[in-house]
Amino acid sequence: MQKIRIEGQKLVLRLMEYGDTDRIVEWRNKERVWSHFIYRKMFTPESHRHWMETMIDTGKALQFIICEKETMRPVGSVYFRDIDWMKKEAEYGIFLGEDDALGKGYGTETARLAVEYAFGEMGLERLVLRVFTDNQAAVKSYENAGFRVEKQLKDVECSDGERKDMFFMSVQKEKLLSFVIPCYRSEQTLPLVVKEIKETLQRLKDQGKAYDYEIVLVNDCSPDDTFSVIRQLCQEDKKVIGVNLARNFGQHAALMAGFHQVRGDIVICLDDDGQTPADEAGKLLEEIEKGSDVVYARYEHKKHSAFRNFGSWLNEEMAKVMLGKPKDLYVSSYFAAKRFVVEEMKKYTNAYPYVIGLVLRTTKRISNVTVCHRERQVGTSGYTFGKLIGLWFNGFTAFSVKPLRLATAVGCTCSAAGFIYGIYTVIKKLVNPNVPLGFSSLMAAIVFMGGMTMVMLGLVGEYVGRMYISMNNSPQFVIRETVTGGRDEKKADGTGGVPGVCGSLGAAVYAESEGEWTCSKQ
């Protein structure tokens with residue numbers, strides 16, 4: 001049998017064995033214990049062995065013996081029964097058999113250790129239990145461990161005929177949210193965005209929707225003091241991670257750099273300028289919980305400049321035509337995605353990432369929620385005309401061959417038109433020999449065809465050039481350093497780890513004192 005030992009402050013949980021049968025039987029037959037169970041018949045060694053053979057040995061249940069840490073004296077038992085590995089849930093139960101173990105907080109500590117083990121090692125996501133409403137000490141202990149009353153069960157019949165009311169309680173595994181924010185010229189706005197994220201999560205917690213979180217701030221080589229602000233935020237909160245890129249790679253590359261740092265079940269991406277409302281992240285999360293894989297924020301009235309709005313419109317139309325984006329789907333820089341979507345996006349290692357294209361090729365379960373778009377309070381957008389054109393080129397050259405097909409169609413059309421026009425000229429000359437040959441029309445045709453040829457060659461050259469750059473393994477991003485909890489770490493490569501050495505769970509960290517790269521858990 002696998003050895004499992006769970007250590008707490010005052011207690012140790014070890015797996016129950018067949019040798020514990022007499023002890024379990026003695027405990028379960030105490031009136032103080034069986035009176036808190038629905039099943040109240042006399043417990044025998046045979047019935048316990050039946051439980052072991054049909055539930056424990058088959059994996060339908062898992063049971064531990066609660067021991068005092070200093071002496072390893074057994075004082076009770078805790079178990080998970082009716083384990084549903086598909087739904088990732090189980091029923092939780094506990095009893096303290098030794099009378100002198102009561103009133104010492106053992107129940108609460110055991111519940112916390114068991115819940116942590118169930119959600120961490122067992123991979124469960126929900127635990128339920130039933131407790132009599134008059135057992136207030138147990139109810140309080142469960143609440144201290146995170147359980148909450150879902151409903152009250154009226155007149156539950158026990159095996160001896162007694163009817164009593166019970167609480168049906170449950171605890172859900174807290175999902176980890178990873179916020180990824182590309183940062184550029186945001187030294188003044190970034191602290192406000194981070195503060196708003198924390199306030200939003202606290203408000204969700206007050207509403208009974210508890211999430212743990214981490215915030216990944218990626219400095220895209222901003223020329224101001226943005227990374228100094230990020231470093232300060234990391235020192236103030238260990239859940240904030242700072243990533244400093246070696247040069248400006250662009251927003252989408254910065255997002256990819258952030259994706260290689262996240263650990264969350266759900267990843268939320270938003271801007272650093274405060275225009276994307278972090279206080280409405282709950283809307284995105286609610287839509288994710290309904291079954292969407294990716295949720296984009298839709299804005300009724302965008303507060304960007306006319307130039308930026310035009311660029312967004314152009315990007316939308318390009319995605320619709322070139323990438324097959326549904327017409328009713330609105331894409332923006334504010335979105336939430338499930339972890340498996342991000343993991344699939346991370347597999348793209350070419351030098352020209354385009355996040356929208358990566359999303360569209362990963363899943364079709366994409367939806368929108370409407371949020372408010374705010375006015376920019378400080379500074380101006382970091383997007384220039386050149387960056388917007390570059391982003392547009394990234395989109396249609398990296399994820400679509402339609403431009404090449406369009407070039408083929410235009411070429412065929414022009415060839416057909418030239419052939420028809422040639423026939424027309426011959427017929428016209430035969431019908432009327434006095435018609436002069438047109439120099440202007442000839443030059444116009446040559447210039448038109450020459451221009452089209454150059455455009456098509458340039459387009460083909462763009463594809464070939466990008467293939468060449470990709471074959472040279474040009475990086476998506478290069479990380480100069482990361483900061484976590486006030487500690488600086490230098491990265492070895494632009495992927496957030498050393499492939500083949502540390503794998504997906506490790507990061508290559510340069511130890512200056514030892515002068516070598518080592519693997520450390522993220």
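Tutor: A definition to begin with: buried means under 20% relative accessible area, exposed over 50%, and partly exposed in between (1.4 Å probe, protein chains only). This is a predicted model, where local features need pLDDT of at least 70, side-chain atom pairs count only at pLDDT 80 or more, and totals for chains, interfaces and linings use all residues. Residues are numbered from 1 along each chain as its sequence is written, and side-chain values use heavy atoms, with hydrogens and water left out.

Student: So is Thr 200 buried or exposed?
Tutor: Thr 200 is buried, because its relative accessible area is 2%.

Student: Where does Thr 200 lie?
Tutor: In helix H6. Helices (H or I, at least four residues) and strands (E, at least two) are DSSP runs, numbered from the N terminus.

Student: And what does Thr 200 touch?
Tutor: Leaving out residues up to four places away in sequence, Thr 200 touches Ala 278 and Asp 279. Contact means heavy atoms within 4.5 Å.

Student: New topic. Which residues touch the most other members in the largest nonpolar core?
Tutor: Phe 64, Phe 80, Tyr 92, Leu 127, Tyr 142 and Phe 147, out of 38 residues in that core. A nonpolar core is a set of buried Ala, Val, Leu, Ile, Met, Phe, Trp, Tyr and Cys residues joined through side-chain atoms within 4.5 Å.

Student: Which element gives the most to this core?
Tutor: H4, with 8 residues.

Student: What else is there?
Tutor: A second, separate core has 37 residues, including Leu 204 and Ile 288.
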